[in-house]
Each structure stands twice: as C-alpha cells, then as structure tokens.
Amino acid sequence: MILDRFKVTGQVAVVTGAGRGIGAGSAVALAEAGADVVIAARHSSQLAEVAARIEAVGRRALVVKADLSDLEQTAALAQTAYDEFGRLDIVVNNVGGTMPLPFLDTDEDFLVDAFKFNVATAHAITRAAVPLMLSGDAPGGSVVNISSVIGRVSGRGYAAYGTAKAALTHWTRLVSKDLAPLIRVNAVGVGSVMTSALDYVATDEAVMTELAEKTTMQRVGQVEDIAAAVVYLASQAGSFLTGKVIEADGGLDIPNLDFRLPDLGPDLGAGA
C-alpha cells in the first residue's frame, strides 16, 4: 500500500517551537503517522495541550520547556529524545521567525539574532542529532527545516528575516551533501499560513482579502498544509528526496503581505 510509506511507526521525532502553529501541527501529524514526539517550546501550558493531542492518537509525548534561542538548550533536545525513547529518527527545525522592519531600523545585532534564531538553532540540534541517528541497528534519519517563501522572493521590510530564511534554505542543500546517504535533509518553504504570526492582521478583512488575492491558490494556508509536507519529507514516502525544498506557499511569486514602506528620501541622508 502506498499509504504505508507515509507511516513513521515506532520512530522518534523532535519538533522545536511545537507549542502552537506549524510546530504543533507537525508534531501531531507525526504522531498520527506513528511517531513518539519530543516537543519543545518556551511555554509549558501550550506544550501540555499539544502533548494531550499526541497522546490522544496513541503515541507518547515528552514535553521540554526550553528557551530555544539558547543554542545549548536546543542542541540538548537530541540527547533528551534518545535518553527517553532509545532512538532518534526525525528532527523538525521549526523554531524561528523574525519581525519585519524597515531597513534603517534593522541594525547589525538584529540581523545576527535573526540568523542565530533561524539558522544556528537548526545547525546546533542537527549536529547533536547526527551521531544518535547513526547509532543502533538501523542507522539513518530525516531532518526537515521550516523555511519561508521570503527566503526566495523579495519585498520591503524583510532584510533580516528573508536573509535568514534564504540561509536556512541553502544550509539545507549544503548539509544534505554532508549527511547523505543515511540522513536526508530537506525543507518546506512556507507561505502565509494562519498561525499566531498573522494574528495582528487576522481581524482586518481587507488585509486578509489582499493576502488571498495575491496568492495563486486564492487562499491563506492552513497548518495542515505544512504538516502534510513535513510527514512526507520525514517518512519513506520522501525517501528519494534530499537537499530539496517543497514550496508550500500557495504559488506565491511575490510577498503577499505589503507593509507599504515608503521610498527613502534625501531627508534620510548623511547629516539628517
């Protein structure tokens, strides 16, 4: 049965940023496909709700409250999973994100922090996970990175976020060569998805209409759209893919959220 290839029965996954949104949806989807899941985020109350959903489908959940901007805490999740479940097969690097800002408000520290939160976190946990994935009787595994369409298209206000996600996307390609053939590394290039990241515009009907109209599929994405891609990449269904990006973005070719930042003028020049 072709559907059997989408199962990850008996495998162990770590999902970062799993308290809500894409992380939570991916963790539950992997559990529905048969995995036990280590879920990590900053807020334990959110994680408890996700753990209950995982356990409701008959799988085990381990809740880890952690500051995932701390690279040591992020890297430690790999060993935590192995110690609890005796194996590690799947890492979903979901934690990330950066607020959009006008260019002149994007200082160097902000850019560095964006890179750290979106790229260095993925590097830290993956580097810690690799020896564990290669141990045991059936060495191998899958790493899935949650990237963004903004790493591929350009628009005002996205200098830090887009640069970090573009770096994560290319990190995916590069590391896939280092870890082949036993460990696959892929990414999902996410478009606008109804998560808390859109809460600040969700009640603005005009903005939501614009988001949909600028998307080829004429709608904003749902968490399940991304979770399905994660399961595909993590499972045997995606076993012939590595170093690839599934562009689950509704067909976007331009950013569909326009911050309407003005042109810079001479009043912002030297001495202004």
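Me: Is serine 176 buried or exposed?
Reply: Serine 176 is buried, with a relative accessible area of 1%. Buried means under 20% relative accessible area, exposed means over 50%, and partly exposed is in between, using a 1.4 Å probe and protein chains only. Keep in mind that this is a predicted model, where local features need pLDDT of at least 70, side-chain atom pairs count only at pLDDT 80 or more, and totals for chains, interfaces and linings use all residues. Residues are numbered from 1 along each chain as its sequence is written, and side-chain values use heavy atoms, with hydrogens and water left out.

Me: Where does serine 176 lie?
Reply: Serine 176 lies in helix α5. Helices (H or I, at least four residues) and strands (E, at least two) are DSSP runs, numbered from the N terminus.

Me: And what is its side chain 2.6 Å from?
Reply: A polar atom of the serine 176 side chain lies 2.6 Å from the backbone oxygen of arginine 173.

Me: Which residues is serine 176 in contact with, leaving aside neighbours within four places in sequence?
Reply: Those are Val185, Thr242 and Gly243. Contact means heavy atoms within 4.5 Å.

Me: New topic: what about aspartate 249, buried or exposed?
Reply: Aspartate 249 is buried, with a relative accessible area of 7%. Aspartate 249 lies in the segment after β7 (245–246).

Me: Which backbone nitrogens does its side chain reach?
Reply: A polar atom of the aspartate 249 side chain is 2.9 Å from the backbone nitrogen of glycine 251. The side chain of aspartate 249 also reaches the backbone nitrogen of leucine 252, at 3.4 Å.

Me: Ok, now the largest nonpolar core. Which residues touch the most other members?
Reply: The core has 36 residues, and Leu30, Val37, Ile39, Ile54, Val92, Ile146 and Val188 touch the most other members. A nonpolar core is a set of buried Ala, Val, Leu, Ile, Met, Phe, Trp, Tyr and Cys residues joined through side-chain atoms within 4.5 Å.

Me: Which elements supply at least two residues of this core?
Reply: Among them are β1 (12–16), β2 (36–41), α2 (44–56) and α8 (223–234). Helix α8 gives the most, with eight residues. Apart from this core lies another, of 29 residues, including Ala78 and Val143.

Me: Where does alanine 78 lie?
Reply: Alanine 78 lies in helix α3 (residues 71–85), and at 1% relative accessibility it counts as buried. Leaving aside neighbours within four places in sequence, alanine 78 is in contact with Leu88, Ile125, Ala128, Ala129 and Leu132.

Me: How many residues line the largest pocket?
Reply: The lining has 44 residues, and Gly96, Gly97, Thr98, Thr195 and Ala197 lie nearest the centre.

Me: Last one: which peptide bond is cis?
Reply: The bond from alanine 180 to proline 181 is cis, with omega near 5°. Proline 181 is in the loop between α5 and β6.

Methods:
On a 1 Å grid over the protein atoms alone, a cavity is a set of points where a 1.4 Å probe fits but cannot get out, and a pocket is an open set with protein on both sides within 12 Å along at least five of seven lines; lining residues have an atom within 4 Å of a point. A polar contact is a pair of N or O atoms within 3.5 Å; within protein, one must be able to donate a hydrogen and the other to accept it, and residues adjacent in sequence count only if both atoms are side-chain atoms.
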